[in-house]
Amino acid sequence: MENYKPALVLLMFLAGCSQPAVNNPVPASNGEALTASIAIWQSEKNRSVVEKTSRLIDKTNAFLDAEMDDRSAWQTAWLEAHDMWLAASILRKPDESALKDIDAWPLEPGFLDSLPDYPTTGIVNDVTLALKSDVIRQQNQYTDDVEVSLGFHVIEYYAFSRDPDDMLLADRHNSERRRLMIRLIAGLLMLDLLNFSSSPAIQPSSPLELLTRLHQRSQAIFSELNRLGEHSQSSGKSLHNVTVQLAAIEALLQDPVSLNHYLIELDPGKTETLNSSLKEAIALSRDIGN
């Protein structure tokens, strides 16, 4: 953790300086223009995450159908879809229930499947559990947050960590059931993303609400950086996820949303500090991750 202290300090500052200035509101007319810009920005991000996830599902099925020699294309598709998800969800409240269905982390592999010392554990090996949508949804975080059966990180586990032969060889115990479960979870991920993208709750109703959400997300990112290794543990992209989220916040400050324009009206000094701190935090996280 010692190597991450500079970035931690910057994120701590970001989480504080992005707190909205309630006593100096942005004019309503400007707020309407900002809301319209956010709607366009969000619509584009929603479209992109659905497209990337559709490609992820195609690559998932191609691997499970033994149409690819290795998992690299599957893994790349997962990374691209997950990165776009992080950007598309940047304005959502961290405690929304939809996030648990799409991006719950960390997960316990033994809840899903067999482990070397526990060959009969997991949903895959519990034949009393029917592999149906309602059952998989009911199992998600059933008694503990690490009991994850939905979302990006289940697919990540199989794409990056699981022995490929466990999915492809007919003589591997429950390989057919394993493939069926992965396909089902990939399909449920797409359904959840479509519902997420169409939800009106994703749209901040005012500049103040936008600033509040960015402040909440900044605090969540700080917490995530303090738990490095838990998010995207199979792909090893924990710090990369932090960089992607910071870059998404920075993008909102620029065109086409141009949040900077409204922040300058509130406090030019803090706006300049916020922008420079973001750039430095992004650069530091990239440097550390390389």
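Author: Happy to. Buried means under 20% relative accessible area, exposed means over 50%, and partly exposed is in between, using a 1.4 Å probe and protein chains only. Helices are DSSP runs of H or I with at least four residues, strands are runs of E with at least two, and both are numbered from the N terminus. This is a predicted model, where local features need pLDDT of at least 70, side-chain atom pairs count only at pLDDT 80 or more, and totals for chains, interfaces and linings use all residues. Residues are numbered from 1 along each chain as its sequence is written, and side-chain values use heavy atoms, with hydrogens and water left out.

Reader: Great, thanks. Which residues of α7 are buried?

Author: Phe-152, His-153, Val-154, Ile-155, Glu-156, Tyr-157, Tyr-158, Ala-159 and Phe-160. That is nine of the 10 residues of the helix, which spans residues 152-161, so α7 is largely enclosed by the rest of the structure.

Reader: And how do α7 and α9 pack?

Author: Their axes are 9 Å apart, at an angle of about 145°. Axes here are lines fitted to C-alpha atoms, for helices over the stretch in contact, and angles run from 0 to 180 degrees between N-to-C directions. The crossing of α7 past α9 is left-handed, a term for the near helix being turned anticlockwise from the far one by less than a right angle (clockwise would be right-handed).

Reader: Which residues make that contact?

Author: From α7 there are Phe-152, Val-154, Ile-155 and Tyr-158, and from α9 there are Arg-178, Met-181, Ile-182, Ile-185, Ala-186, Leu-189 and Leu-193. Contact means heavy atoms within 4.5 Å. By type, the contact of α7 with α9 has 10 nonpolar residues, no polar ones and one charged. For that count, Ala, Val, Leu, Ile, Met, Phe, Trp, Tyr, Cys and Pro are nonpolar, Asp, Glu, Lys and Arg are charged, and the others, Gly among them, are polar.

Reader: Nice. Switching to charges: how many salt bridges are in the whole structure?

Author: A search finds 14. A salt bridge is a side-chain nitrogen of Lys or Arg within 4 Å of a carboxyl oxygen of Asp or Glu. One of them pairs the side chains of Arg-47 and Glu-44, at 2.5 Å from N to O.

Reader: Where do Arg-47 and Glu-44 sit relative to each other?

Author: They are three residues apart in helix α2 (residues 28-64), which means about one helical turn separates them. In general, an α-helix has 3.6 residues a turn, so residues three or four places apart point the same way. Arg-47 is partly exposed at 38% relative accessible area, and Glu-44 is partly exposed too, at 36%.

Reader: What about the salt bridge of Arg-183 and Asp-65?

Author: Their side chains meet at 2.7 Å, N to O. Arg-183 is in helix α9 (residues 175-198) and Asp-65 is in the loop between α2 and α3 (72-88), so the pair ties together parts that are 118 residues apart in sequence. Arg-183 is partly exposed at 28%, and Asp-65 is partly exposed at 40%.

Reader: Which residue does Lys-279 form a salt bridge with?

Author: Glu-250, with the closest N and O atoms 3.1 Å apart. Lys-279 belongs to helix α13 (residues 268-289) and Glu-250 to helix α11 (residues 238-253), so this pair ties together parts 29 residues apart in sequence.

Reader: Are those two buried or exposed?

Author: Lys-279 is partly exposed, with 48% relative accessibility, while Glu-250 is buried at 19%. There is also a network: salt bridges that share partners join Asp-113, Arg-162, Asp-163, Asp-165, Asp-166, Arg-172 and Arg-178.

Reader: Now the backbone. Where are the cis peptide bonds?

Author: One joins Trp-105 and Pro-106, with omega about -10°, and Pro-106 is in the loop between α4 (97-102) and α5. Another joins Asp-255 and Pro-256, with omega about 5°, and Pro-256 is in the loop between α11 and α12 (259-266).

Reader: What is the phi of Ser-258?

Author: About 55°, a positive value although Ser-258 is not a glycine. Ser-258 is in the loop between α11 and α12 and is buried, at 18% relative accessibility.
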